[in-house]
2 protein chains.
Amino acid sequence: MKRIDIGLIGLGTVGSGLVRALEANGPLIRRNSGLDIRLRLVAERDWRRRRDVRVPRRLRAADARALIADPGVDIVVELIGGCGDARRYILEALRRGKHVVTANKALLAEHGREILGLAQARGLDLYYEASVCGAIPVVKALREALVSNRIRSVLGIVNGTCNYILSRMTEAGIEFDEALLEAQAMGYAEADPRLDIDGLDSAHKLAILATISSGGWVPLGAVHAEGIGGVTAVDIRYAREFDYVVKLLAIYKREGRAVEARVHPTLIPSGHLLASVGGAYNAVCVRGEPAGDIVLYGRGAGREPTSSAVLADIVDIGRNIARGCCGRVPVVAARMGRAPVRPVEEIETAYYLRFSVIDRPGVLAGITGILGRLGISIASFLQIDRRAGSVVPVVIMTHRAREKDVRRALARIDRLPFVKARTMLIRVEARI
Amino acid sequence: MKRIDIGLIGLGTVGSGLVRALEANGPLIRRNSGLDIRLRLVAERDWRRRRDVRVPRRLRAADARALIADPGVDIVVELIGGCGDARRYILEALRRGKHVVTANKALLAEHGREILGLAQARGLDLYYEASVCGAIPVVKALREALVSNRIRSVLGIVNGTCNYILSRMTEAGIEFDEALLEAQAMGYAEADPRLDIDGLDSAHKLAILATISSGGWVPLGAVHAEGIGGVTAVDIRYAREFDYVVKLLAIYKREGRAVEARVHPTLIPSGHLLASVGGAYNAVCVRGEPAGDIVLYGRGAGREPTSSAVLADIVDIGRNIARGCCGRVPVVAARMGRAPVRPVEEIETAYYLRFSVIDRPGVLAGITGILGRLGISIASFLQIDRRAGSVVPVVIMTHRAREKDVRRALARIDRLPFVKARTMLIRVEARI
């Protein structure tokens, strides 16, 4: 049985989960993989923190650099996160000929080209399943199971915090602020929740998924990201009237030569499987040719699910080491040119537009006139509240239109005298 | 770029889909895989049949044996199905040192031990993703992504025909016979639909999933299989009253040292993701430790989805050939002893019991008395129709009970004078 020695950098939530899973499932992993996976060294800054796993002193590295320099370490597992030390450690590990497993989405989204490129150039394996959607094997699905598919689109609920908040707003009819407090009380949202609710965490994951799907480099800066902070209970209620639900989606699409990569609140049909994804779960819907639609669902974060993905990567690389075939699945699909990403102004989709207008005759004509002159056609219209003379919400669902034209229309509409607040725009995925 | 030559046996629905996908996505497959996958030979009995793909004469093998004997063929792809010729061809291919890809679930369920064992013994790859749930990468997920997980259960909707029929019965309130006719008219059911509706097709797939999940051989004969022919519109209506839906599930569970492998109509909570799987789609819910629950959903049959899975297997083996690492993922997880399968009489689960009784006082006491004496406790009771003196359905949902005890109780109850038809038993998965 081939022995594989791993060096673990970071004994936080996921790191200690990995140690625990290796202990709990050791015999099973040996049976299933034919590998004897051993923890050789662990680098951790704060050994005094209370943990439910014990790492014997002889396995404690002086520091991460000493761990990386140890000739006995086959695979460096980076679980500290962030783009500072983590980047330096991974680059150093690759330069020293170590294979790498990481769960670091921010690092890959920001510096993936450098890091993946170096691994590729050195013929080393760099696996990162845990960086996107925890236990869900979406990276493996795209890189292997769907390898022969033309990936038309990837639509993902990839942030559990946002999904929990939107699910609670939908179920309980509460506003965003209240749902956020609940999420924090439940431990689903950080004290500083901005990375999640502003859509940046989703954008990190989308940059990675879009890079794999397109075969070209999609850097974080090319991903359009909007958060869920502006979604109101009224929007969710109106969406339901049209038989839609509101989800924060990470969307990759390929149409023609250019790709789209965007994160934003989205109306999706309430009958679609993604609409049933509740609470802190994640799900990704991949449309490929010839596979058709595939949905992968599971726990997208947390210690156990993430350690499952890290272990899968360790076994994959271990199998390559045992058989002398590292680089068997190329780190990047091709010479990684930059993928041509369509600016969001150029996309075409359907829109949900909620206008805040004074309830009086002529208002609808004013709005629809501007929309019509810009070529935006209306699919449906709804005004639930009627209070003559007061400000009420009026909702229009458009057919497919160009974002540029919609923005131009809204700039004009929002200057009309009877429009009393900025119009809410939510994009619609009508045909999924 | 490494060239991989495949020999295709069978140019039917899936075979021609494979040829078409290879043509349509050739450059993409080369870019993604780094392999030049070529069709070297095709064996087909009836070249005169009309097809939408053209195979040049020089690629037409005299017969399957000539194809297998061709020294240039790296991978034999068996797409004729059945357990006769297919078995002989695959065994012959393995004896000649060829790797094999097959979509043949019946063959693996019946002769898997022989076939997988030979491949393992020869150090050859034998991949079979397409044998279970078409495009859904469930075999890869279990063998690779969840390799370090203790698989607690696998619950699958693995037969699109049955799922279509049950979905239509649920949506339209129609009876089985009518829904079957619809399925046949839509092309979702064969003229002879018994393989599907009797649960045998699902049992084939479950035997394969249970073998992978348990790491031991679960032959078809050890799978308990019941079909959907006995499910009535009344059952579906009562299930809904209890907030359940009826699905044909393939169920694998590991509890203690023994495993369960059974296919039968099942009540599942209507809020569970599997309950939302409609029409001819398939889905599989895997519960692993540490991954938690993972659901994989997609098109489970048909030409395009199946050819996607076949292509994934071809690329996987091609990568192994290119890197000299065939057998990298063992064909079977361990020395394949027979898995200890618990007889269905010994399982414990909750039950939906629909009694056909004369509506008169004392009936409930008679039934509950027998259940109580056998230690079966009642979770809820429902009688919707009231027609004193006539035969009406009465439904009882039990807590967890042993199947043996339930069967004994029903044998007694069905002999009571006021019980006018055999009691309907549907097992319940309450805690998924």
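The model is predicted: local features need pLDDT of at least 70, side-chain atom pairs count only at pLDDT 80 or more, and totals for chains, interfaces and linings use all residues. Residues are numbered from 1 along each chain as its sequence is written, while chains are lettered from A and ligands numbered from 1 in the order in which they are written.

**Overall form of chain A**

- Chain A has 14 helices and 16 strands; these are DSSP runs, with helices being H or I of at least four residues and strands E of at least two, numbered from the N terminus.
- For 432 residues a compact globule would have a radius of gyration near 22 Å, and the 24 Å of chain A agrees with this; the radius is taken over C-alpha atoms, and the globule rule is 2.2 Å times the number of residues to the power 0.38.
- Along the principal axes, the C-alpha atoms of chain A fill a box of roughly 80 × 45 × 35 Å.

**Parallel sheets**

- In chain A, 5 strands form an open sheet with parallel pairing, in the order β2-β1-β3-β4-β5; two strands pair if DSSP finds at least two bridges between them.
- β2 (35–43) and β5 (126–127) of chain A each have a single partner strand, so one side of each is left without a neighbour in the sheet.
- Strand β1 (residues 2–9) of chain A runs parallel to β2(A) and is joined to it by 8 bridges; A:Asp5 stands opposite A:Arg38 in β2(A).
- Chain B has an open sheet of 5 strands in the order β2-β1-β3-β4-β5, with parallel pairing.
- In chain B, strand β4 (residues 99–102) and β5(B) run parallel and share 2 bridges, and the bridge partner of B:Val101 is B:Tyr127 in β5(B).
- Helix α12 (residues 303–323) of chain B packs on this sheet, touching β1 (2–9), β2, β3 (75–78), β4 and β5 of chain B. Residues are in contact if their C-beta atoms, placed from the backbone, lie within 7 Å.

**Helix packing**

- Helix α7 (residues 160–172) and helix α8 (residues 176–185) of chain A pack at about 125 degrees, with axes 9 Å apart. Axes are lines fitted to C-alpha atoms, for helices over the stretch in contact, and angles run from 0 to 180 degrees between N-to-C directions.
- α7(A) and α8(A) are therefore oblique to each other; angles under 35 degrees count as roughly parallel, over 145 as roughly antiparallel, 65 to 115 as roughly perpendicular and the rest as oblique.
- Among the residues that meet are A:Tyr164 and A:Ile165 in α7(A), and A:Phe176 and A:Leu180 in α8(A).
- In chain B, the axes of helix α1 (residues 13–24) and α12(B) come within 8 Å and cross at roughly 65 degrees, which makes α1(B) roughly perpendicular to α12(B).
- The α1(B) side of this contact includes B:Val14 and B:Leu18, and the α12(B) side includes B:Val310 and B:Leu311.

**Contact between chains A and B**

- Each chain is represented in the contact, with 52 residues from chain A and 52 residues from chain B.
- On the side of chain A that touches chain B, α12(A) gives the most, with 10 residues.
- Strand β11 (residues 292–299) of chain B runs antiparallel to β11(A), to which it is joined by 5 bridges; A:Ile294 stands opposite B:Gly298 in β11(B).

Definitions and conventions: Contact = placed C-beta atoms within 7 Å.
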